[in-house]
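Me: I have a chain open on screen. Can you walk me through how it is put together?

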Amino acid sequence: MSCLKGLFTSCVVMASVLSCVKAVPISIDKTKVKLPEAAVKESPQSVDTGLHYDRYLREVIDFLEKDQHFREKLHNTDMEDIKQGKLANELDFVSHHVRTKLDELKRQEVSRLRTLIKAKHGVEGGNDIAVDHQALLKQFEYLNHMNPHTFQVEDLDRLIKSATKDLENFDKERHEEFKRYEMMKEHERQEHLKTLDEEGKRKEEEHYEEMKKKHADHPKVNHPGSKDQLKEVWEDADGLDPEDFDPKTFFSLHDSNGDGFFDEQELEALFTKELEKIYDPTNEEDDMLEMEEERLRMREHVMNEVDSNKDRLVSLDEFLVATKKQEFLEPDSWETLEQNQAYTEEEMREFEEQLTRQEQDLSQKAADLHKQREELERQQKQLNAQKIELQQAVEHMERLKTHQVQPPPEMHLEGNAVPESTGHNQPLPPGHQDIPPEQHNLPANQQDLGQGHQHIPQDNQPMPPGHNNQPQDPPQVPLNYNNVP
């Protein structure tokens, strides 16, 4: 909640003149107090709230604070009224120019969310599925998704309530993340030890214990928010005499945005000196993530002790009341992280079991992916074989077209010449005799006559014993057709 109120108030009061507005008390000897040379503070840098809609939240606040009516209402509204939405009702009275700019900011934010939804949908493999943006926008409670074009009272009310709720859960989520980080670090250390032999394990354990001892060997850490701790800041950071420490002056010096409150970031800045006693980024034994967790623990402790109305802000009155308590004057010793392990043995055991299940799931997914890969490779081989067969079939068809048998050449005959038979030398079936070429031109009755002379030997047939072979070309004997019976 401090970030929300701090954002509103830091936007309203952008700069303050410390020497005029927050004067040094008269009881302090001014000759001994050396105020910083730069009396006029520059506009403070905005601190990231860590919310995914941080930019949208800041831009809305930046434009609202430009409206004089809204700025005055903000000064006169306490945190409970802001939580209940009373401040949101003042949106109806802001200028037209501001309302127009707020409408534009909302349209840009809705467009951004739709882009994120589409990108996430694409990563999850749903490119072929229609995206219901209206339904998915419901998960973003900090704006009215039913009206994506104009910024209404409901939008401001949603933005305030969502930021309040999200910021209240932010520290809890950070603690859980740090706990998982510490358990993972220990898990990896144990896994590394399993890879070593006995001698290697012994050396590694000795080195680990040595680093722990070196980290714990640091100057005393003052109790956060105590008089001793604030006096060190007064002396080292502010350059003032610790004997002249004054709580009201201290508050004015470190209310960096001059809004009359210590917000979370301003409180955390007070603990830098204590953290530097424990952590050095150049030392192997010091973990900077652990330093940020220590800073968070210190800030939460002071908030619990000083923030009486639980609005996650420390007002000047709350601060002055806290400086009169016994805990401020004589605090208990502060136990650092190395004295308070971030997780229990039971939590570590559950974490290990969770990691085992995750590793099994990953192994199963890897096996499934391997099978899918093998199946794809098999299908690819089949496709390659089919492709080769198809290419061979096409090549075969091309060869057939190329070597197709050409038709015989056209023959020119003179007169009544008969072309020579191509099958003259082919063997005849049994019981058939060759007809001499001379009989092809004889009339039919003469051919019959020739067939009647059975004892005339044929060419190339063996003769009976005692007979001489006829010459190959016997003389032609003219036949007397009158002597034929």
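Reply: Start with a term: contact means heavy atoms within 4.5 Å. Among contacts in the protein chain with a separation of 6 or more, 69% join residues 24 or more positions apart.

Me: What kind of model is this, and how are residues numbered?
Reply: The model is predicted: local features need pLDDT of at least 70, side-chain atom pairs count only at pLDDT 80 or more, and totals for chains, interfaces and linings use all residues. Residues are numbered from 1 along each chain as its sequence is written, and side-chain values use heavy atoms, with hydrogens and water left out.

Me: How many helices and strands does the protein chain have?
Reply: There are 18 helices and two strands. These are DSSP runs numbered from the N terminus: helices are H or I with at least four residues, strands E with at least two.

Me: What share of the residues is buried?
Reply: 32% of the 485 residues. Buried means under 20% relative accessible area, with a 1.4 Å probe and protein chains only.

Me: Which residues have the most contacts inside the largest nonpolar core?
Reply: Val60, Leu64, Leu91, Leu102, Tyr142 and Leu156, in a core of 31 residues. A nonpolar core is a set of buried Ala, Val, Leu, Ile, Met, Phe, Trp, Tyr and Cys residues joined through side-chain atoms within 4.5 Å. Helix 3 (54–64), helix 4 (68–75), helix 6 (96–123) and helix 8 (153–194) each give at least two residues to this core.

Me: What does leucine 64 contact, beyond four places in sequence?
Reply: Phe70, Leu91, Val94, Val98, Leu102 and Leu156. Apart from that core lies another, of 28 residues, including Phe245 and Phe319.

Me: What lines the second largest pocket?
Reply: 25 residues, with Glu182, Lys185, Tyr208, Lys212 and Glu290 nearest its centre. Helix 9 gives the largest share, seven residues.

Me: How does that lining divide by class?
Reply: Eight nonpolar, four polar and 13 charged. Asp, Glu, Lys and Arg count as charged; Ala, Val, Leu, Ile, Met, Phe, Trp, Tyr, Cys and Pro as nonpolar; the others, Gly among them, as polar.

How values were computed: Buried < 20%, exposed > 50% of the residue type's maximum accessible area, 1.4 Å probe, protein only. 1 Å grid on protein atoms, 1.4 Å probe; cavity = no way out; pocket = protein on both sides within 12 Å on 5 of 7 lines; lining within 4 Å.
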